[in-house]
Amino acid sequence: MKTADLFKKKTVFSFEVFPPKKTSSIDTIYSTVEQLKELKPDFISVTYGAGGSENNKKTLDIASNIKNHYGIESVAHLTCIYLTKQDVLKMLGEFNAAGIKNIMALRGDINPDYTPKDDFKYASDLVSFIKENGDFGVLGGCYPEGHFESASIVDDIHNLKKKVDAGVSHLVTQLFFDNAHFYRFRERAAIAGINVPIEAGIMPVTNKKQIERMVTLCKVELPHKFLTMMNRYENSPEAMRDAGIAYAIDQIVDLITQGVDGIHLYTMNNPYIAHRIHEAVRSLIEYKG
Ligand code: FAD
């Protein structure tokens with residue numbers, strides 16, 4: 001099933017996982033997926049590490065197992081900036097053979113250590129190429145506070161519209177900690193004529209290292225309320241974890257109440273946290289009133 005069709009029925013609830021690091025066994029991810037399956041997610045997406053064939057093989061294998069062994073719809077992420085059209089064609093063939101129906105089409109972050117290939121400059125180039133060369137549901141990323149390379153939010157929304165026009169049928173946001181950014185973004189997207197479902201990406205932050213990494217990588221605003229909470233509990237891993245979970249639940253309750261299309265939980269491969277959050281919001285997700 002293509003993920004865009006899921007939104008016709010309910011508030012979508014989905015997860016993101018990432019392939020285990022080189023030092024961990026691949027089996028650790030399957031124990032995570034096993035525990036996530038208990039929560040009956042609408043789909044699980046698998047990230048793509050921007051660094052060579054070993055990474056894409058892991059994404060392919062995990063997305064394939066989620067779909068074929070665990071019976072959960074899966075989404076394989078794919079970043080294009082360092083790939084040629086030939087590389088992508090080969091991967092589309094492999095996705096197709098594995099029964100994977102959905103691809104999150106991304107440009108990927110620019111790494112000064114590598115030279116980009118010339119075939120794909122933006123994610124929208126990859127989106128058009130996928131649509132021309134297969135029958136996949138194509139998802140795209142979006143940024144409620146604007147992508148950090150964009151000169152303005154308006155520019156970013158114009159570029160997002162091009163990506164949707166190229167064939168994206170479902171958007172997932174980068175994480176954010178102030179829902180006001182999401183609501184403003186949703187309104188701007190609607191004004192620009194972007195009318196595909198927009199799932200809110202929520203990351204439960206449960207340790208200080210995660211916050212530092214996020215500020216560097218994603219350049220999102222950390223609201224005063226969030227920072228105060230994190231500073232207060234930084235010396236207690238348990239209190240920090242519980243505060244992070246409570247903050248994410250608070251965001252999700254507000255988003256569902258305001259009619260969000262779906263919640264995509266960045267699980268960080270931690271099923272315990274996903275369980276705690278799911279338990280708190282299950283009846284809201286299921287509510288059809
Ligand atoms: P694009 O949509 O191409 O946008 C990149 C920049 O170019 C933006 O500033 C945009 O405004 C601008 N732009 C776009 N089109 C045009 C145009 N036609 N003309 C001028 N400017 C243009 N990274 C990974 O490495 N692996 C992952 O698995 C992964 N998963 C992600 C999942 C989600 C939901 C999100 C939101 C991000 C994910 N990322 C991942 C990070 C992503 O690769 C980076 O944020 C990257 O910097 C941008 O990718 P994009 O696909 O959004 O790029």
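Asn269 lies in the loop between strand S8 (262–266) and helix H10 (271–286). In this predicted model, its phi is near 60 degrees, a positive value in a residue other than glycine. Most residues other than glycine have a negative phi. Asn269 has 18% relative accessibility, so it counts as buried.

Lys40 also has a positive phi, of about 50 degrees, although it is not a glycine. Its loop runs between helix H1 (27–37) and strand S2 (43–46). Is Lys40 buried or exposed? Its relative accessibility is 69%, so Lys40 counts as exposed.

Strand S4 covers residues 102–106. Five of its five residues are buried, so the strand is largely enclosed by the rest of the structure. Asn102, Met104 and Leu106 point one way from S4. Ile103 and Ala105 point the other way. Both sets are buried.

S4 pairs with strand S3 (residues 74–79) in the parallel sense, over five bridges. Strand S5 (residues 137–142) also runs parallel to S4, and three bridges join the two. Which residue of S4 is the bridge partner of His77? That partner is Met104. Met104 also stands opposite Leu139 in S5.

Two crossovers involve S4. S3, helix H3 (residues 85–97) and S4 make a right-handed β-α-β unit. S4, helix H4 (residues 123–132) and S5 make another right-handed β-α-β unit.

**Aromatic pairs**

How many aromatic pairs does a search of the whole structure find? The search finds nine. Among them is the pair of Phe13 and Phe15, with ring centres 5.4 Å apart. Their planes stand at 75 degrees, so the pair is edge-to-face. Phe13 and Phe15 are both buried.

Phe226 and Tyr247 form an edge-to-face pair, at 5.1 Å centre to centre and 75 degrees between the planes. Phe226 lies in helix H8 (residues 224–233) and Tyr247 in helix H9 (residues 237–257), so the pair ties together parts that are 21 residues apart in sequence. Phe226 is buried, as is Tyr247.

Ring pairs also link Phe176, Phe182 and Tyr183 into a cluster. Elsewhere, a charge meets a ring: the charged end of Lys219 sits over the ring of Phe148, 4.9 Å from the ring centre.

**The ligand site**

Which residues are closest to the ligand? They are Tyr48, Asp109, Tyr143, Asp156 and Lys163, out of 24 residues that surround the ligand.

| Residue | Part of the residue | Ligand atom | Distance |
|---|---|---|---|
| Tyr48 | polar backbone atom | nitrogen | 2.7 Å |
| Gly108 | polar backbone atom | oxygen | 3.2 Å |
| Lys163 | N or O atom in the side chain | oxygen | 2.8 Å |

Lys163 uses its side chain. Tyr48 and Lys163 also belong to the closest residues named above.

Note on methods:
Residues numbered from 1 in each chain as written. Predicted model: local features only at pLDDT ≥ 70, side-chain atom pairs only at ≥ 80, totals over all residues. Heavy atoms only, no water. Buried < 20%, exposed > 50% of the residue type's maximum accessible area, 1.4 Å probe, protein only. Helix = DSSP H or I, 4+ residues; strand = E, 2+ residues; numbered from the N terminus. Pairing = 2+ DSSP bridges. Right-handed = clockwise from strand over helix to strand, strands pointing away. Phe/Tyr/Trp six-rings, centres within 6.5 Å; stacked < 30°, edge-to-face > 60°. Lys NZ or Arg CZ within 6 Å of the ring centre and 35° of its normal. Near = heavy atom within 4 Å. Polar contact = N/O pair within 3.5 Å; in protein donor to acceptor, adjacent residues only side chain to side chain.
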